[in-house]
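Please open the model in the viewer and keep the selection panel at hand.

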Amino acid sequence: MSEEETLSLALSTYSLPDTIIATKDSASDPPLNGSARSIHHNYWLVRTENENLVRSPDYWVRFTAIVDRANVRLSDPQCRADLLTKKILILEQLQGGILNPVGAASIVAFGLKYDQFVAWRRSFGLASNTSLKSIHFERYKVGLKNGKLLPLVERVDDFFDQLTSGVPPVRYVFGLGGFAFNWNQLSRYVGVSNETLSRTHEVRQLIVARLQAIDDKRCKAAAEKFTTEGKTSAFTGFSPSSLKGYIKVWSLLQNYSTNGRLPANGLTFNPFEKFSARQLYRQLSSKEGGRTSTLHPDDFMRLISGATKWAFQNSEYIIATTAALRAADADILPNFSKRSAARMEAGTDLESLRPADFAPLAITWGEVTDGIRKPVSSAIRALAGSVVIITGCYGARRRNELASLRTDCIERSPSGNIALKIYIEKTHRNVASVPVPKVVGGAVNMLCQLIAQTRSLDTPKWLFEINYRSVDDFMSPNLTNLIREFVRFANIPPPAGSDEWVIKSHMLRRGFAIFYYHGFEQALIDPLVWMLWHYDPEMTRIYIVKTLPGEISRLREQLRARMAVAKKNRTAEDEKEILEAKFLLRQKVEMQQDFSEVRCEAFAYKLLKAHLGQEVVRGKGAKKFYASVSAIAKMAAADVRVTSRSNDLERFKEAFLTRAKKWVANKWMEPVPGGVMHCSAEPDNDNDLAEAECLKLERKSRKPWLASKVEESREPNFAFSGAYPCIKCLHGCAFKANQQVLAQKGETLKRATVSAATPAAQANAEAIYAEYSAELDALMAEEVTYDATGR
């Protein structure tokens with residue numbers, strides 16, 4: 001029996017799960033539902049999420065991808081074994097298999113990775129997975145490391161070499177009203193999808209060079225378009241999810257080949273004999289810690305503070321202008337000139353609402369060419385982009401979860417606190433309430449006002465589904481694009497050394513942690529904006545430092561206990577509880593990792609800035625702080641001398657940050673609530689705790705008759721912290737931003753001496769101010785001399 005026959009027989013034992021809601025045999029066919037679905041069709045529509053909770057729950061899995069040169073496709077007879085293999089692998093995952101059931105988006109991503117795997121294997125002339133050997137797996141790992149699984153550049157070069165003179169690789173696109181590069185022609189020749197080619201930096205560069213060399217106006221125009229649209233950057237490593245996906249293909253093939261669920265076209269060797277899939281991922285990951293890239297904390301804080309200030313200053317004008325445009329469009333006017341006059345009049349009436357530094361909006365949906373005004377549609381998208389940043393940062397959620405926010409996503413408690421009702425994608429798979437600052441409620445309300453102009457909110461609507469001209473004319477809800485449109489519209493300068501912002505919506509997940517560790521530096525921004533935060537960082541610190549580790553530990557204990565039961569004795573309910581515990585544990589570990597990473601980055605940068613003289617630390621704990629800076633600098637200098645003979649400052653900075661992050665990971669350095677200081681007292685260090693001013697106050701506060709019964713604190717107690725005790729504390733470190741907060745508090749105390757209601761109150765206020773001023777003056781006068789020549 002051939003491979004194809006064996007796999008066909010194996011596939012016949014499966015039935016389509018309910019999560020495959022429709023199928024069709026070709027792209028142009030209508031979808032078939034219910035009993036009309038067929039496992040033999042080449043297109044499966046997968047839905048694993050509740051369509052009432054998720055904005056876009058449906059994903060098409062295709063079995064027609066290009067997998068080799070000359071337009072060879074997975075659906076061709078010569079690739080039938082691979083097509084059947086892909087179907088079995090996907091059905092196993094949808095039904096649970098040896099792994100947890102996975103979502104539709106992950107299924108599609110896996111399918112694309114399998115297509116690329118087949119294309120890679122066929123590049124060696126191997127028609128079956130059974131022909132693969134360990135040497136091929138080693139080559140695959142090299143390809144993952146350098147981003148070159150296939151020789152795409154060489155194939156693209158061949159494509160241009162074989163072009164017939166006078167027949168340029170361009171085609172007319174009616175939607176564009178002109179010519180564009182013919183990606184389909186290239187894709188068929190090279191043997192990979194358009195998406196893979198268009199996203200590969202080296203391929204795009206080569207195409208530009210080859211198009212420019214062709215003596216044809218259409219080619220030169222296409223080359224010019226490449227340089228302005230769809231920019232890419234050189235390969236620096238696959239994202240964590242992509243890298244895991246490439247490894248997962250081998251992992252599933254090996255597992256299913258071993259357990260018999262893949263009776264043909266499987267692997268004949270174990271690629272994970274020496275290293276597990278997880279260990280291999282760590283080896284191949286080129287991104288530090290295997291984590292997704294993110295913005296520098298300083299740039300992130302600039303982005304979130306800029307988005308908040310811009311949105312709350314300008315939203316009223318944008319919303320009112322949009323309403324005026326809709327009203328003008330709704331009036332039945334006889335001709336174009338009268339409609340234009342009505343729009344102009346509406347624009348004049350709105351001038352009183354326009355902020356002084358905000359460009360006037362043209363009362364039109366189309367583009368404007370006068371170089372002064374901006375169209376309403378652009379302002380709407382920019383406002384939506386600022387709301388994405390605000391909700392993403394403080395909700396700490398993923399892209400798809402943000403996209404599924406609805407107009408009823410804000411919950412308000414009787415005490416005035418608010419929570420964000422949001423769909424938790426990877427773990428909970430249902431709507432949960434996430435506590436957020438009140439600024440999020442204000443931001444959500446802006447988009448609700450825009451939506452309410454055309455549709456009733458009595459029935460909840462998707463928050464980022466905003467109409468333009470009509471109820472069927474929607475703004476594109478791509479969150480990453482909305483963020484980019486916001487930074488361009490608001491003219492927020494990109495990070496130093498960059499021409500533009502490189503930011504994606506998934507980066508916002510770490511925003512809450514970044515705000516916790518860096519937010520005190522924003523205490524001096526526009527007071528009107530600052531008042532909007534309504535955020536108590538101490539609640540976050542208690543959860544991350546105390547509550548979360550306990551929850552993780554308890555979950556791990558529960559998992560160990562449940563999994564200790566022999567698998568054959570577990571009930572379906574036991575298996576369900578184990579899966580739920582795994583999901584929850586993964587979520588909490590991710591949160592802990594996010595905060596840990598941001599914390600290490602935050603203080604590593606502080607240490608480096610102190611070494612470079614860009615940060616001045618004062619306080620009684622400054623001497624100990626600078627001693628650590630000096631030790632790290634010496635180790636970093638030694639690292640640079642080992643790896644390079646050049647006295648390169650950038651290399652030193654890199655080495656310093658690497659050392660600093662390791663140092664911070666094992667040290668206590670936490671921001672004190674209110675931004676007055678940073679505390680360096682080590683938990684469980686008896687000497688440090690005995691000298692901590694906050695713990696001295698805690699001991700004094702105890703009732704004498706209960707003092708002996710109260711367990712001593714094993715870490716600083718920030719409930720007894722503040723400007724005055726921390727100034728006097730041997731462990732207090734005041735960075736520049738802390739020093740400004742301390743100075744502000746001094747001004748507040750000074751104003752209290754003038755506004756006191758009685759002479760006695762005034763005398764008391766003056767005494768407090770004099771004592772505080774003396775301590776602050778002493779702190780500011782005492783500066784640690786630091787020798788930065790350590791490197």
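Select strand β1 (residues 20-24) together with β3: the two pair in the antiparallel sense over 4 bridges. Strands here are DSSP runs (E, at least two residues), numbered from the N terminus, and two strands pair if DSSP finds at least two bridges between them. Within this pairing, A22 has L45 of β3 as its bridge partner.

This is a predicted model, in which local features need pLDDT of at least 70 and side-chain atom pairs count only at pLDDT 80 or more, while totals for chains, interfaces and linings use all residues. Residues are numbered from 1 along each chain as its sequence is written, and side-chain values use heavy atoms, with hydrogens and water left out.

Of the 5 residues in β3 (residues 43-47), 4 are buried, that is, under 20% relative accessible area (1.4 Å probe, protein chains only).

Now select F625 and Y626. The ring centres of F625 and Y626 lie 5.6 Å apart with the planes at 85°, so the pair is edge-to-face. Rings of Phe, Tyr and Trp (its six-membered ring) pair if their centres lie within 6.5 Å, and planes over 60 degrees apart count as edge-to-face. F625 is buried at 4% relative accessibility, and Y626 is buried at 7%.

Finally, select the cluster linked by ring pairs, whose members include Y114, W120 and W250. The structure holds 27 aromatic pairs.

Notes
Rings of Phe, Tyr and Trp (its six-membered ring) pair if their centres lie within 6.5 Å; planes under 30 degrees apart count as stacked, over 60 as edge-to-face and the rest as tilted. Buried means under 20% relative accessible area, exposed over 50%, partly exposed in between (1.4 Å probe, protein chains only).
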